[in-house]
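This report describes selected features of a single protein chain. Please consult the sequence and the coordinates alongside the text.

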Amino acid sequence: MASVRSVTRFLLGKNIFNNNLVAPTSNANFVKFYSAAPAYENIKIDVVGSKKNVGLIQLNRPKALNALCKPLFVELGKAVTDFDSDNSISAIIITGNEKAFAAGADIKEMQNNTYSDNVRAGFLREWEDISNCGKPIIAAVNGFALGGGCELAMLCDIIYAGEKAKFGQPEINIGTIPGAGGTQRLPRYVGKSKAMEIVLTGNFIDAYEAEKMGLVSRVFPVEKLLEETIKLAERIGTHSPLIVKLAKQAVNQAYETQLKAGLQFEKSIFYGTFATADRREGMTAFVEKRSPNFKNE
Ligand code: CAA
């Protein structure tokens, strides 16, 4: 008889969870796993690799260029947490589609937020589920990785890019600043001058520039990106999961010291932009498809 895990793997492999099929209720483990992986609307999950030990998460709001709305992030956090606690998974991949990894936080969703809304709700707090994951997470970036999309990639441990990927922190164009780590993680990846240029201009950089700056570790032809990322995850999966976890913690320690204070500072400024008329004008202009008319207030 097939084991619970092999049945689960089979169903995951077939994307059955996303088709809302009912799981057998006779097996507690299965139900536990199933209930932790409901029918997602904004992401797709799968288990890939020759040993079926790589958790694959695809952001799936193609019409909105995978803009990172709250429901997407709640699902993403849940999927990452589930893979993190599944002993058969060695590494996790987050990817998008050929046009967009993610074009940022959802501007339409936050357009009418106020400063107090953000503070009360702890706006974007769901994103912490990604940084709390003990297993390696690899971002496979094709297309746009902008604003929160670039920040999500930087929350991952390794970034692989397709040769048409475009990275940027264009929040300045809509009257706000990066709010999910962009001002803190980007300088750590690329240094102050380049980070300042990217954040203050809102300009995009291509995959090869990103590789040269150290933001991306490797660039591949678009159609090879996922295959190569899975190979990387499988290679990591040949090592002791315990030591991989400790090695990840150790590297993060070098890189995250003082990051927390910086992130808190960044969040207070990001929230603060929601008290300005220019932030409102910037997001309204984006939604209305026109150029913003900033008034310096
Ligand atoms: N939020 C909400 N919707 C978005 C979006 C976003 N971040 N980015 C794109 N979309 C939507 C567009 O509104 C459009 O929807 P409709 O078809 O309903 O009009 C759809 O996705 C396709 O987008 P475009 O027509 O604009 O596609 P394009 O190819 O002409 O341009 C683009 C692509 C350059 C990425 C452009 O969409 C763009 O500039 N997007 C916004 C990028 C941005 O400013 N990101 C930062 C967001 S703020 C943030 O992320 C804060 C933070 O740090 C947490």
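## Helix H12

In this predicted model, helix H12 comprises 16 residues, and the distance from its first C-alpha to its last is 22 Å, close to the 22 Å expected at 1.5 Å a residue. Three residues of H12 are buried, namely Val 244, Lys 248 and Asn 252. They lie on the same side of H12, because the arc they cover around the axis is only 70 degrees. An α-helix has 3.6 residues a turn, so residues three or four places apart point the same way.

The buried residues of H12 pack against strand E5 (137-141) and H11. Exposed residues are found on the other side of H12, where Leu 242, Gln 253 and Ala 254 are located. Just after H12, Gln 258 adopts a positive phi of about 70 degrees.

## Helix H13

Helix H13 (residues 259-273) has 15 residues, which should span 21 Å at 1.5 Å a residue; the end C-alpha atoms are 21 Å apart, in agreement with that expectation. Its buried residues are Leu 259, Gly 262, Glu 266, Phe 270, Tyr 271 and Thr 273. These residues cover an arc of only 165 degrees around the axis and are therefore on the same side of H13.

The packing partners of the buried residues of H13 are helices H4 (107-110), H5 (115-121), H7 (148-155), H8 (182-190), H12 (241-256) and H14 (277-287). On the face of H13 turned away from the buried side, the exposed residues are Lys 260, Ala 261, Gln 264 and Phe 265.

## The chain as a whole

The protein chain contains 14 helices and 10 strands. Of its 297 residues, 50% count as buried. Among contacts with a separation of 6 or more, 71% join residues 24 or more positions apart.

Two loop residues illustrate contacts and distances between separate parts of the sequence. Asn 53 is in the loop between strand E1 (43-48) and strand E2 (54-59). Its relative accessible area is 8%, so Asn 53 is classed as buried, the limit being under 20%. Leaving aside residues up to four places away in sequence, Asn 53 touches Val 47, Val 48, Ser 88, Ile 89, Ser 90, Ala 91, Glu 234 and Gly 237. A separation of 8.9 Å is found between the C-alpha atoms of Asn 53 and Ile 92, which are 39 residues apart along the chain.

Lys 224 occupies the loop between strand E10 (218-220) and helix H11 (225-236). With a relative accessibility of 35%, Lys 224 counts as partly exposed, because that class lies between the limits of 20% and 50%. The C-alpha atoms of Lys 224 and Glu 163 are separated by 9.9 Å, although the two residues are 61 residues apart along the chain.

## Cavity and its lining

How many cavities of 30 Å³ or more does the structure hold? There is one cavity of that volume. Rolling a probe the size of a water molecule over the atoms shows where empty space is left. The largest cavity has a volume of about 40 Å³.

The lining of the largest cavity is formed by Leu 68, Cys 69, Lys 70, Phe 73, Glu 109, Phe 123, Leu 124, Glu 126 and Trp 127. By class, the lining residues comprise six nonpolar, no polar and three charged.

Most residues other than glycine have a negative phi. Leu 124, one of the residues lining the largest cavity, has a positive phi, near 75 degrees. Leu 124 is placed in the loop between H5 and helix H6 (128-131). Its relative accessible area of 7% makes Leu 124 buried.

Lys 289 also has a positive phi, near 55 degrees. Lys 289 belongs to the segment after H14. Is Lys 289 buried or exposed? Lys 289 is exposed, since its relative accessible area is 78% and the limit for that class is over 50%.

Key. Residues numbered from 1 in each chain as written. Predicted model: local features only at pLDDT ≥ 70, side-chain atom pairs only at ≥ 80, totals over all residues. Heavy atoms only, no water. Helix = DSSP H or I, 4+ residues; strand = E, 2+ residues; numbered from the N terminus. Expected span 1.5 Å × (residues − 1). Buried < 20%, exposed > 50% of the residue type's maximum accessible area, 1.4 Å probe, protein only. Arc of directions from axis to C-beta. Contact = heavy atoms within 4.5 Å. 1 Å grid on protein atoms, 1.4 Å probe; cavity = no way out; pocket = protein on both sides within 12 Å on 5 of 7 lines; lining within 4 Å. Points joined across faces, edges and corners; volume = space filled by probe spheres on them. Nonpolar A, V, L, I, M, F, W, Y, C, P; charged D, E, K, R; others polar.
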